[in-house]
Every structure is written in structure tokens, then in C-alpha cells.
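This briefing summarises selected features of a single structural model for computational work.

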Amino acid sequence: VQRVPSISKIVQAQRENREPSPGTICSYETGSAFGAISIFVPSRTTRTTDTYWAARSKYFETYPGAARPIPSVGMDAWLAGGAALHVLVHHNDYFIVSAQMYPLPPGQAHELFVRCGELLTKIATAIIARL
């Protein structure tokens with residue numbers, strides 16, 4: 001388990017010729033086909049219901065068919081690209097739990113994405129139960 005910075009924080013640090021800070025994303029190495037499981041909670045200033053719904057709408061419009069709603073998880077949940085689950089817990093509180101699944105074995109991508117969605121849903125449900 002380790003804290004890792006977001007890609008934008010890494011890019012910003014590179015532009016400023018410095019090392020990035022540890023970051024706010026928790027990354028858990030699984031040693032399995034799912035690689036690392038990451039949990040990201042946006043900063044309080046950007047974590048709003050409006051931001052959640054705007055990101056959801058934009059993703060569904062930009063990548064039709066690449067996202068699907070996940071019922072019965074929080075107030076709302078949707079799976080992006082098969083490997084990132086966005087969860088609205090309640091007003092102005094949401095998080096993202098994702099998996100890194102590369103390289104995907106030939107012919108097994110669909111099955112792994114299905115299993116990944118199931119795993120991320122279980123993790124999100126466990127997180128919500130502890131809030």
C-alpha cells in the first residue's frame with residue numbers, strides 16, 4: 001500500500017523541476033490480473049455533487065457505450081471503461097475506485113473487465129459501509 005500522486009500532480013511537479021508529493025490516492029498492489037487498486041477522494045474544494053454529475057454527463061456523452069450505471073451503490077455509481085467506478089455517496093461526497101489491468105491477456109479482456117466491475121463494486125460497497 002502506498003500513497004501516490006495523480007497524473008496532473010506528477011506533470012505539475014515535472015514542469016516545476018521537483019519531485020511530486022506523496023499524493024492523496026491510495027494504491028494497493030494486488031499481485032493479480034487487476035494490478036493495483038486505487039482509491040481517490042477529490043479534495044474538499046472540488047468534491048461537489050455538481051462536479052460529480054458534470055463529469056458523469058461528459059463521460060457518457062464523450063464515450064458512448066464505454067460507461068454503465070451501477071445500481072444499488074451509493075446515491076449513484078457508474079463504471080467508466082470497465083475499470084474505474086465513480087460513486088456518489090451523498091451530497092458533496094464521492095470517490096473513485098479503479099484498477100490497472102495491463103497488459104490484458106489476449107482473448108480475456110471482456111471477462112477481466114466484467115470481473116473487475118464486480119470487484120470494484122464490492123470494494124465500493126465495503127467503503128460505503130464503513131462511512
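Strand 3 supplies three residues to the lining of the largest pocket, the largest share of that lining. The model is a predicted one. The volume of this pocket is about 270 Å³.

**Pockets**

- The lining of the largest pocket consists of V4, P5, S6, I7, I10, I25, S38, I39, F40, I96, S98 and Q100.
- Helix 1, strand 3 and strand 7 are the elements that each give two or more residues to this lining.
- By class, the lining of the largest pocket has eight nonpolar, four polar and no charged residues.
- The second largest pocket holds about 160 Å³ of space.
- P5, S6, S8, K9, S21, G23, T24, F40, P42, S43 and T46 form the lining of the second largest pocket.
- Three nonpolar, seven polar and one charged residues make up the lining of the second largest pocket.

**Strand 5 and its pairing**

- Strand 5 covers residues 76-80, and five of its five residues are buried, so this strand is largely enclosed by the rest of the structure.
- D76, W78 and A80 point one way from strand 5, whereas A77 and L79 point the other way.
- In general, side chains in a regular strand alternate between the two faces of the sheet.
- Strand 4 (residues 67-69) pairs with strand 5 in the antiparallel sense over three bridges, and P69 has W78 as its bridge partner in strand 5.
- Strand 6 (residues 84-90) pairs with strand 5, also in the antiparallel sense, over five bridges, and D76 has L88 as its bridge partner in strand 6.
- Three residues lie between the strands in the hairpin of strand 5 and strand 6, where G81 takes a positive phi near 60°.

**H86 in strand 6**

- H86 belongs to strand 6 and counts as buried because its relative accessibility is 14%, which falls under the 20% cut-off.
- Beyond its neighbours within four places in sequence, H86 is in contact with Y52, D76, A77, W78, A80, F95 and I96.

**Nonpolar cores**

- The largest nonpolar core has 20 residues, of which L85, V87, V97 and L120 touch the most other members.
- Strand 3 (36-40), strand 5, strand 6, strand 7 (93-99) and helix 3 (109-129) each supply at least two residues of this core.
- Helix 3 makes the greatest contribution to this core, with five residues.
- A second, separate core has nine residues, including A84, L88, Y94 and I96.
- Leaving aside its neighbours within four places in sequence, V87 is in contact with Y52, V73, G74, D76, A77, D93, Y94, F95, A124 and I128.

**Backbone points to note**

- Most residues other than glycine have a negative phi.
- N17 is not a glycine, yet its phi is positive, at about 55°.
- N17 is located in the loop between helix 1 (7-15) and strand 2 (25-29), and it counts as exposed because its relative accessibility is 72%.
- S72, likewise not a glycine, has a positive phi of about 65°.
- S72 is part of the loop between strand 4 and strand 5, a hairpin with six residues between the strands.
- With a relative accessibility of 79%, S72 counts as exposed.

Note on methods
Residues are numbered from 1 along each chain as its sequence is written. This is a predicted model: local features need pLDDT of at least 70, side-chain atom pairs count only at pLDDT 80 or more; totals for chains, interfaces and linings use all residues. Side-chain values use heavy atoms; hydrogens and water are left out. Buried means under 20% relative accessible area, exposed over 50%, partly exposed in between (1.4 Å probe, protein chains only). Helices (H or I, at least four residues) and strands (E, at least two) are DSSP runs, numbered from the N terminus. Two strands pair if DSSP finds at least two bridges between them. Contact means heavy atoms within 4.5 Å. A nonpolar core is a set of buried Ala, Val, Leu, Ile, Met, Phe, Trp, Tyr and Cys residues joined through side-chain atoms within 4.5 Å. On a 1 Å grid over the protein atoms alone, a cavity is a set of points where a 1.4 Å probe fits but cannot get out, and a pocket is an open set with protein on both sides within 12 Å along at least five of seven lines; lining residues have an atom within 4 Å of a point. Grid points are joined across faces, edges and corners, and a volume is the space filled by probe spheres set on the points. Ala, Val, Leu, Ile, Met, Phe, Trp, Tyr, Cys and Pro count as nonpolar, Asp, Glu, Lys and Arg as charged, and the others, Gly among them, as polar.
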